[in-house]
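My notes follow in the order I took them.

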Amino acid sequence: MTAPRLADVTRLLEQRYPPSTAESWDAVGLVTGDPDQEVRRVLLAVDPVADVVEEAVAWGADLVVTHHPLLLRPVHSIAATTFKGALLHRLVRSGVALYTAHTNADAATGGVADALAAAVGLVDTVPLQAAPAEALDKHVVFVPADDAGTLVDALAAAGAGAVGRYARCAWSTTGEGTFTPLDGATPAVGTVGEASHVVEARVEMVAPRRLRAAVVAAMRTAHPYEEPAFDVLELASWPGATGIGRVGRLPEPTTLARFAAAVAAAVPATAQGVRFAGDPDGHVERVAVVGGSGDSLFDAVRASGADAYVTADLRHHPASELRERAQFEARDGRSRPFLVDLAHFASEWPWLAHAARDLKADLAAAGTTVETRVSTLSTDPWTGRVAAPATPEGHP
């Protein structure tokens, strides 16, 4: 197999992690690199920091894919006199491209949330906070029955009729259409001034709303009539299969202490380790997870009925209030949810192996190949922790 171009790799990454699904404040996509350059080696890491760049250069990587953005906040200079500018200069001079998939990778199928859920052993997962499914139209077109197949082909080529893993999906039935061409008309069927009766097919196909203009244009081009009869109906919205976080169940119930220990074993070791809040012997079976900072989603976690919530960066006041509320509202002594708090880096690192595997598979399907490596450097900013001495008298 041949090596792909950077443009080919980014195209496949954006099919997996569409930039349009990133949060409005985010900065995702290609940061630096020539779209025409060949990509033979790809390094994947959580953070675009100097040590990761040096690892990429030493290994001979052509592309670094990171989860966190380098330029999330605007900068006014990329001069090498700044730490971000120096990093960009190092990448460019070494011929190493940089690509970021952040909140678009958080929500995607096979993304950060799915990877964390799999790492901690969850099955039967669904989004914690589902994103709306893509807005759809239903195109209803009346066409002479003999031309229905040609019309379906044209609409499908414009993007209509795609349902899951099926293409050219359409429904049709037949009936009688009637019309009278007026002066100035050039009818494909019938005569000016005379009523025409035609066996017509009613063809229905769904299409993304963003493709409405293209689908209507394709219909007009393929339709034999001068003035086609058609409707475009906006379909109701519903939750999609992607979104923030995941909720699932453990194959076998366990205790909070044992579950927290299993989580610690499933993610990279960090100075923080894994903290938990709740009864160590409490029953845990239904679990919610969010990679990265997750204390803004407590309401969704409570609504999900999770016994435990695995996330990162939990702050004192939100965590304290959640546990106080859980204990106040507890029934049968079951104060839910318990909390399991990871280091931010550790909660997102499991995704890298999934991304590497999927990228290789997508490139292989396109007839190209790359070598991938998941960085094992810990980019967690905390490097140590000091255990408290014996509690002096008078301290809590």
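**Entry 1: the largest pocket.** I sorted the lining of the largest pocket by class and got 22 nonpolar, 21 polar and seven charged residues. I was working on a predicted model. The lining has 50 residues in total. Which of them lie nearest the centre of the pocket? I found Thr 21, Ala 107, Ala 131, Thr 242 and Gly 243 there. Which element gives the most? I noted β10, with six residues. The volume of this pocket came out at about 1500 Å³.

**Entry 2: the six-stranded sheet.** I traced β10 and β12 into an open sheet of six strands. I wrote down the order as β5-β10-β12-β13-β14-β11, with mixed pairing. Which strands are at the edges? They are β5 and β11 (275–277), and each pairs on one side only. I read an average twist of 25° from one strand to the next. Next I checked the helices on this sheet. Helix α5 packs on it and touches β5, β10, β12, β13 (308–312) and β14. The direction of α5 makes about 145° with that of β12. Helix α8, residues 256–266, lies across β10, β11, β12, β13 and β14. I put α8 at about 120° to β10.

Ala 277 has Leu 339 of β14 as its bridge partner.

Entry 3: I checked omega along the backbone. The bond joining Arg 336 and Pro 337 is cis, with omega at about 0°. I flagged it because most peptide bonds are trans. Where does Pro 337 lie? I placed Pro 337 in the loop between α10 (316–328) and β14.

**Entry 4: a positive phi.** I also checked phi. Arg 168 has a positive value of about 55°, although it is not a glycine. I kept this one on the list because most residues other than glycine have a negative phi. Arg 168 is in the loop between α6 (148–157) and β7 (171–179).

Entry 5: Are β2 and β3 parallel or antiparallel? I found that β2 (residues 41–45) and β3 (residues 63–66) run parallel and are joined by four bridges. Leu 43 stands opposite Val 64 in β3.

**Entry 6: aromatic pairs.** I searched the whole structure and found three aromatic pairs. One of them is Tyr 17 with Trp 351, which is edge-to-face. I noted 5.6 Å centre to centre and 75° between the planes. How many residues apart are the two partners? They are 334 residues apart, so I recorded the pair as a link between distant parts of the chain, with the helices taken as DSSP runs. Tyr 17 is in the loop between α1 and β1, and Trp 351 is in helix α12 (residues 351–365).

**Entry 7: the cavity.** How many cavities of 30 Å³ or more does the structure hold? I found one. The largest cavity has a volume of about 30 Å³. I listed its lining as Ala 45, Val 46, Asp 47, Phe 345, Trp 349, Leu 352, Ser 375, Leu 377 and Thr 379. By class, I counted six nonpolar, two polar and one charged.

Technical notes
Residues numbered from 1 in each chain as written. Predicted model: local features only at pLDDT ≥ 70, side-chain atom pairs only at ≥ 80, totals over all residues. Heavy atoms only, no water. Pairing = 2+ DSSP bridges. Helix = DSSP H or I, 4+ residues; strand = E, 2+ residues; numbered from the N terminus. 1 Å grid on protein atoms, 1.4 Å probe; cavity = no way out; pocket = protein on both sides within 12 Å on 5 of 7 lines; lining within 4 Å. Points joined across faces, edges and corners; volume = space filled by probe spheres on them. Nonpolar A, V, L, I, M, F, W, Y, C, P; charged D, E, K, R; others polar. Phe/Tyr/Trp six-rings, centres within 6.5 Å; stacked < 30°, edge-to-face > 60°. Axes fitted to C-alpha atoms, helices over the stretch in contact; angles between N-to-C directions. Contact = heavy atoms within 4.5 Å.
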